[in-house]
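Hello,

Here is the structure we talked about passing on. Please have a look at it first; my notes follow below.

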Amino acid sequence: MDIHNTDNAATRRIEALRQRLQTLKDNDVYFYNQPVEEILEGAKVRVNGRVMGMYASYSYLGLVNHPRINEAAKKAVDKFGTGTNGVRTLAGTLTLHNELEETIANFKHTEAAITYSSGYVTNLTVISTLMGRGDYVFSDKINHASIVDGCVMSGAEFRRFRHNDMEHLEGLLKNAPAGVAKLVVADSVFSMDGDIIDLPKTIELCKKYNAWLMIDEAHSIGVLGKTGRGIEEHFGIYEGIDIKMGTLSKTIPSVGGYVAGNKDLISYLRHGSRAYIFSAALPPAQAAAANESFKVILDEPWRIERLNQNTRLFIDGLKGMGFDTLLTVTAIVPVLCGSDERAFELTKYCQENDVFVLPVVSPAVQEGMARLRATVTAAHEPSEIERAMDVIYEAGKRMGMVK
Ligand SMILES: *Cc1c(COP(=O)(O)O)cnc(C)c1O
């Protein structure tokens, strides 16, 4: 018998998903994986031949296509080509990689840094290298999937605390045996809700219970703090985060992930983490682009100011219209819809009116908490944001979400 037609649990899962997708497509509410044909000035994109305002971008400072960054990438290709000679440990390390890691360490005020080929892989490999059987990891309930996967992969005792609930975290820390290795891990800015981890209290608890603290800055590098250095700058607290993780694929318009920390930790990861030892180095163009991006952030602080203004405008505007934007205070702005169907319907109206937003539904968020997940960037014109909000308002009114 043809193995592809075998009836078993795995093939039934594939069939169930196929049916769900087909229903979405039949109802014209499948919005994922749409090919962007062109990236245009002012946070606009061309999709299916139509120019749309981009409200689903992680390029918070609008650095995608920045001339200086593009130039750095081109120069790197001219000098080093498009690939490396393999893994970093053997022949793959280029001077570019070392420069990038030095730049990151300086940016995050740490002794050293290490880079990996994606943010996802960084969380997987770092958590599972540092933690193992018998150790304890404590993770916020709405942490990014890559953190969850890293915790599971580590084989450590895995405890999840209610979102940003410090009392719950303390209770869990208290219950862990004394003397075991403990790691608390959280997003700095939560990727679906846009709120910020209570860093002062988290640090206090980590000190009290002798736990390491790892913070994932995917959505706070270039976003939080006056100069974009991230969560420490936001709170004015410069001690207490042991493992400073981030991605090179959001504000930094490249690809890859990093960890910054003290030199013994970084050396341990460089010689012990499997994603470093058994996976190829970042391509030269991407390493050079990332390196240049950190410099552009420091050279063009107006971008951060502009992002903050746009964020205020967007959140206050939507709230004023009567939408529930949860607890966001950053450029990630959820517009709560409730059911998946409502989120799809709202998205459909927006996209038909040239506002490119996307719905987030279960299992990415809890059932009944489906939403639009809209983002603003430094590249948006305030007048464009006003127009986008008018479109969202009109849709919300038609659906009876707002008056
Ligand atoms: C996007 C994201 C990642 C993964 O980063 P990639 O570089 O896209 O692999 C990790 N953590 C958080 C919180 C993210 O939002």
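This is a predicted model: local features need pLDDT of at least 70, side-chain atom pairs count only at pLDDT 80 or more; totals for chains, interfaces and linings use all residues.

Valine 360 stands opposite arginine 371 in β14.

Next, the domains. The assignment gives domain 1 (26–55 + 301–399) and domain 2 (67–299). Their C-alpha centres lie 27 Å apart. Across the boundary, 16 residues of domain 1 are in contact with 19 residues of domain 2.

The other sheet to look at is an open one of seven strands. The order is β4-β10-β9-β8-β7-β5-β6, with mixed pairing. The edge strands are β4 and β6 (157–161), and each pairs on one side only. Neighbouring strands are turned by 20° against each other on average, direction ignored.

Aspartate 187 has aspartate 216 in β8 as its bridge partner. Helix α8 (residues 199–208) lies across β7 and β8 and runs at about 155° to β8. Helix α10 (residues 263–272) lies across β4, β9 (243–247) and β10 (257–261), at about 25° to β4.

Which residues lie nearest the centre of the largest pocket? They are Met54, Ser57, Tyr58, Ser59 and Val64, out of 44 lining residues. The pocket holds about 1,100 Å³ of space. At least two lining residues come from each of β1 (36–40), β2 (44–47), α13 (302–321) and β13. So far as class goes, the lining has 25 nonpolar, twelve polar and seven charged residues. Domain 1 and domain 2 each give at least three residues to this lining.

The second largest pocket has a volume of about 500 Å³. Its lining has 17 residues, and Lys141, Ile142, Ala364, Val365 and Gln366 lie nearest the centre. Eight of the lining residues are nonpolar, five polar and four charged. Here too, at least three residues come from each of domain 1 and domain 2.

How many cavities of 30 Å³ or more does the structure hold? It holds one. About 80 Å³ of space lies in the largest cavity. Its lining consists of Arg88, Thr115, Tyr116, Ser117, Ala275, Tyr276, Ser279, Ala280, Ala281 and Leu282. By class, six are nonpolar, three polar and one charged.

Best wishes

Technical notes:
Residues are numbered from 1 along each chain as its sequence is written. Side-chain values use heavy atoms; hydrogens and water are left out. Two strands pair if DSSP finds at least two bridges between them. Helices (H or I, at least four residues) and strands (E, at least two) are DSSP runs, numbered from the N terminus. On a 1 Å grid over the protein atoms alone, a cavity is a set of points where a 1.4 Å probe fits but cannot get out, and a pocket is an open set with protein on both sides within 12 Å along at least five of seven lines; lining residues have an atom within 4 Å of a point. Grid points are joined across faces, edges and corners, and a volume is the space filled by probe spheres set on the points. Ala, Val, Leu, Ile, Met, Phe, Trp, Tyr, Cys and Pro count as nonpolar, Asp, Glu, Lys and Arg as charged, and the others, Gly among them, as polar. Domain bounds come from an automatic or database domain assignment. Contact means heavy atoms within 4.5 Å. Axes are lines fitted to C-alpha atoms, for helices over the stretch in contact, and angles run from 0 to 180 degrees between N-to-C directions.
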